[in-house]
Amino acid sequence: MNDRRETAAGRIMVCTGTSGISSGAEQVAAGLERELDSRNLRDAWHVVRTGDRGLFQDVLVDVIPPEGERVTYVKVKPKDVGTIVEEHLVGGQPVKRLAAGKRYDDFFATQQRIVLTNCGEIDPEDIDEYLDRGGYDALKQVLAMDPDALIDEVEKAGLRGRGGAGFPTGTKWRFARKAQGVSKYIICNADEGDPGAFMDRSVLEGDPHAVLEGMAIGAYAIGAKQGFIYCRAEYPLALKRLDIAIAQAKERGLLGEGIFGTDFSFDVSVVQGAGAFVCGEETALMSSIEGHRGIPRPRPPFPAQSGLWGNPTNINNVETFANVRHIVLRGADWYAAIGTESSKGTKVFALAGKVKNTGLVEVPMGTTIRQLVEGPGRGMAVKRLKPKAVQIGGPSGGCLPETIWDTPIDYASLSETGAIMGSGGIIFMDEKSCMVDVARYFLEFTVKESCGKCVPCRVGLKRMLEAINEIARGEGTLAHLDFLEDMAHTIQQTALCGLGQTAPNPVLTTLRYFREEYEAHIVDKKCPAHVCTDLIEFVVDEEKCTKCGLCFKACPAGAITWQKGEFAKIDQEKCTKCRSCINVCDFMAIR
Amino acid sequence: MTNATNAMTKTGAGTGQDVDRSEVEPIVAAFQGRQGAIIPLLQEIQRRFGYVPKTAVDVISEKMGVYPVELYGILTFYAQFYLEPRGKHTIKVCQGTACYIMGGKLLLDQLEEDLQVHDGETTEDGQFTLETVACLGCCGMAPVMMVDGDFYGSVKTNILDSILEHYREQDKQ
């Protein structure tokens with residue numbers, strides 16, 4: 001037990017995950033400590049640095065007095081620290097001006113937080129805080145169970161892999177358990193590389209022990225003694241907190257030899273990725289751990305038969321492992337009651353783009369896209385712009401039009417739409433986003449990240465990108481569209497690994513739902529969203545211009561003239577076509 | 001290549017003035033005999049020198065029994081490794097989906113123009129290295145960029161100058 005909390009001290013929690021820190025949370029936390037020091041209040045109040053709770057753009061501070069109600073403050077700035085200490089901690093009166101209101105409540109109201117339950121609530125660098133909330137109880141319980149019974153339970157719960165493909169976790173474990181091998185390995189895939197996805201990072205930063213516990217349970221199930229966490233080097237804070245968590249767990253005998261006095265031994269090492277998207281693919285990931293270029297190989301043999309250094313290996317994603325302890329503690333039936341027929345439990349999403357609230361949310365499977373944007377998202381950011389599409393599943397996923405936002409988010413429904421669940425990045429777009437450009441963006445990404453081993457992915461994607469570039473420049477023909485579709489299907493069927501097989505999805509879904517936008521680029525030589533530079537005239541549409549002057553202020557080239565009450569004018573000589581004006585104009589008045 | 005090469009000559013850290021073997025050998029020794037040691041070893045070398053010098057590749061090749069071609073294969077495959085010294089400050093412009101939608105590409109274009117470098121290159125004066133990243137994970141503040149350890153959120157093109165100036169000033173002091 002931690003003696004700090006045995007005293008009747010109050011608790012002040014500051015969300016200091018990467019998102020919090022980028023908004024200035026560390027300055028707030030340090031400011032609180034200084035303020036408490038200067039008032040000799042450090043014994044009465046304990047400042048706790050937690051992971052992120054999910055709501056972005058905000059520094060969240062929670063004050064929990066020894067007695068009395070918890071108060072959450074949002075958008076706290078370093079200059080507010082003195083006020084909070086003075087009025088609330090000393091004076092006993094919460095600071096109304098900073099207290100969380102409807103925006104905060106809306107964000108959390110429809111969430112069901114299982115994986116994220118500890119994120120933003122505990123100090124991830126203090127194992128006692130995790131233990132106080134039932135940490136490692138599940139592991140203890142499991143070690144008294146028969147591994148096969150444990151796998152039955154996970155299977156019955158219906159947990160499916162959260163990394164994207166959605167393979168049933170219990171089944172995967174059973175394969176690895178049955179496999180013959182001197183040593184077996186268990187790997188946690190924390191190489192979260194989708195642009196716009198940071199669910200795993202938040203879990204690792206906010207609750208690293210939950211992942212370690214999940215891995216240990218998995219290791220017991222399949223009979224592994226050694227685990228690896230393959231984590232992106234771009235996540236320094238997650239790496240640091242993992243190292244601390246592993247060291248603390250070892251110190252307490254929760255990792256290492258003879259865990260909980262049984263003969264079960266398990267150790268975990270962290271392997272840093274070196275910046276290759278394809279290493280999220282399991283065979284490439286193993287190749288990378290072995291010290292080679294991260295290049296996928298054909299399956300079979302599956303990792304369960306021949307994985308790391310030729311040994312039976314089981315790979316699960318961070319979020320999958322973080323679910324495991326809850327299934328053990330609360331039972332398969334409880335878990336299976338959440339979600340839909342084909343998809344059980346909850347899913348964490350990184351909500352971003354043109355919505356009012358952005359951040360990390362956890363909702364039951366089967367929640368619709370519209371419920372996400374209207375619930376936690378609080379609607380689209382710019383009311384007067386029409387919602388257009390949602391991009392779900394990252395470079396392997398697709399763009400779904402607003403007309404089908406009532407689709408429930410589960411594995412089956414999403415694959416019917418042509419998108420995939422993916423790891424959980426979900427980005428909302430309004431009419432200012434061009435679907436041709438979005439498809440091009442993802443193709444650029446996959447072309448860059450293709451490992452180059454198989455021809456369909458290496459060459460095919462490049463040809464597709466060239467075709468899309470021509471369309472975006474206004475040089476496309478309708479035959480380009482047939483070519484894109486044809487090539488997309490070929491790559492889907494013939495690429496070696498998941499990266500290549502799913503890379504055409506952004507193109508196929510935009511072609512399926514936004515074909516008229518492609519045609520506008522080709523036939524009318526117009527980009528309706530005013531994104532593709534070559535198809536923009538850079539003139540002010542006086543019918544739409546509200547004379548607000550935002551474009552004038554945004555122009556870095558001094559090419560726009562404007563006076564109060566007059567239409568803006570763009571000097572074509574000076575204009576560098578940088579699109580800064582279009583970016584700030586919510587009236588679509590520059591075409 | 002031209003910009004980077006110029007930068008190297010100017011900062012006096014070109015291939016001609018590589019690091020000394022004696023600086024590399026103890027690092028390599030610590031990794032000998034470990035399974036899957038190559039990538040962590042290269043990461044350690046880079047942590048120490050800021051890039052992976054040619055001498056280091058030679059020493060690793062000898063001591064670990066790996067052909068240089070395999071090492072260069074690894075070094076050029078993973079985006080994290082650099083074969084040349086870096087600028088004093090690293091600018092990372094996020095090109096994640098949210099930043100892209102919110103104008104991250106505009107920032108990148110403008111920075112490339114202002115600094116006269118492309119993604120991954122270092123300015124002629126060795127001040128700045130410009131890089132793109134797939135996601136900095138602060139999508140709520142999009143578009144985002146980072147200079148060294150500092151985050152800049154909701155960045156507009158017209159404040160880029162003042163951001164760069166801040167670091168130039170800092171260096172003068």
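**View 1. Strand S5 of chain A is covered on both faces.** On one side sit A:Tyr185, A:Ile187 and A:Asn189, and on the other A:Ile186, A:Cys188 and A:Ala190; all of them are buried. A residue is buried if 20 or more other C-beta atoms lie within 10 Å of its own, exposed if 12 or fewer, and partly exposed in between, with C-beta atoms placed from the backbone. The model is predicted: local features need pLDDT of at least 70, side-chain atom pairs count only at pLDDT 80 or more, and totals for chains, interfaces and linings use all residues. Residues are numbered from 1 along each chain as its sequence is written, while chains are lettered from A and ligands numbered from 1 in the order in which they are written. Helices (H or I, at least four residues) and strands (E, at least two) are DSSP runs, numbered from the N terminus. In a regular strand the side chains alternate between the two faces of the sheet.

View 2. Two strands pair if DSSP finds at least two bridges between them. S5(A) and strand S6 (residues 226–231) of chain A run parallel, joined by 6 bridges. Here A:Ile186 stands opposite A:Gly227. Strand S8 (residues 313–317) of chain A also runs parallel to S5(A), through 5 bridges. Which residue of S8(A) is the bridge partner of A:Cys188? That partner is A:Asn316.

**View 3. An open sheet of 4 strands in chain A.** The strand order is S2-S1-S3-S4, and the pairing is mixed. Strand S2 (45–50) and strand S4 (71–73) stand at the edges. Each has a single partner strand, so one side of each is left without a neighbour in the sheet. Neighbouring strands are turned by 20 degrees against each other on average, direction ignored. Strand S3 (residues 61–64) of chain A pairs with S4(A) in the antiparallel sense, over 3 bridges. A:Val61 has A:Tyr73 of S4(A) as its bridge partner. Helix H4 (residues 81–90) of chain A lies across S2, S3 and S4 of that chain, at about 25 degrees to S3(A). Axes are lines fitted to C-alpha atoms, for helices over the stretch in contact, and angles run from 0 to 180 degrees between N-to-C directions.

**View 4. Helices H11 and H12 of chain A cross.** The axes of H11 (residues 208–222) and H12 (residues 236–251) of chain A come within 9 Å and cross at roughly 60 degrees. That makes H11(A) oblique to H12(A). Angles under 35 degrees count as roughly parallel, over 145 as roughly antiparallel, 65 to 115 as roughly perpendicular and the rest as oblique. The crossing is right-handed: the near helix is turned clockwise from the far one by less than a right angle. H11(A) makes the contact with A:Pro208, A:His209 and A:Leu212, and H12(A) with A:Arg241, A:Leu242, A:Ala245, A:Ile246 and A:Ala249. Two residues are in contact if their C-beta atoms, placed from the backbone, lie within 7 Å. By class, this contact has 6 nonpolar, 1 polar and 1 charged residues. Ala, Val, Leu, Ile, Met, Phe, Trp, Tyr, Cys and Pro count as nonpolar, Asp, Glu, Lys and Arg as charged, and the others, Gly among them, as polar.

**View 5. B:Ile60 sits in helix H4 of chain B.** The helix covers residues 54–64. Is B:Ile60 buried or exposed? B:Ile60 counts as buried because 24 C-beta neighbours lie inside 10 Å. Leaving out residues up to four places away in sequence, B:Ile60 touches B:Val28, B:Leu41, B:Val66 and B:Leu71. B:Pro26 is 34 residues from B:Ile60 in sequence, and their C-alpha atoms are 11 Å apart in space.

**View 6. Strand S1 of chain B has two partners.** S1 (residues 89–94) runs parallel to strand S2 (residues 128–133) of chain B, with 6 bridges. B:His89 stands opposite B:Phe128 in S2(B). Strand S3 (residues 145–147) of chain B runs antiparallel to S1(B), with 3 bridges. B:Val93 has B:Met145 as its bridge partner there.

**View 7. Chain B meets chain A.** The contact takes 36 residues from chain B and 41 residues from chain A. On the chain B side, H6(B) gives the most, with 4 residues. That side divides into 20 nonpolar, 14 polar and 2 charged residues.
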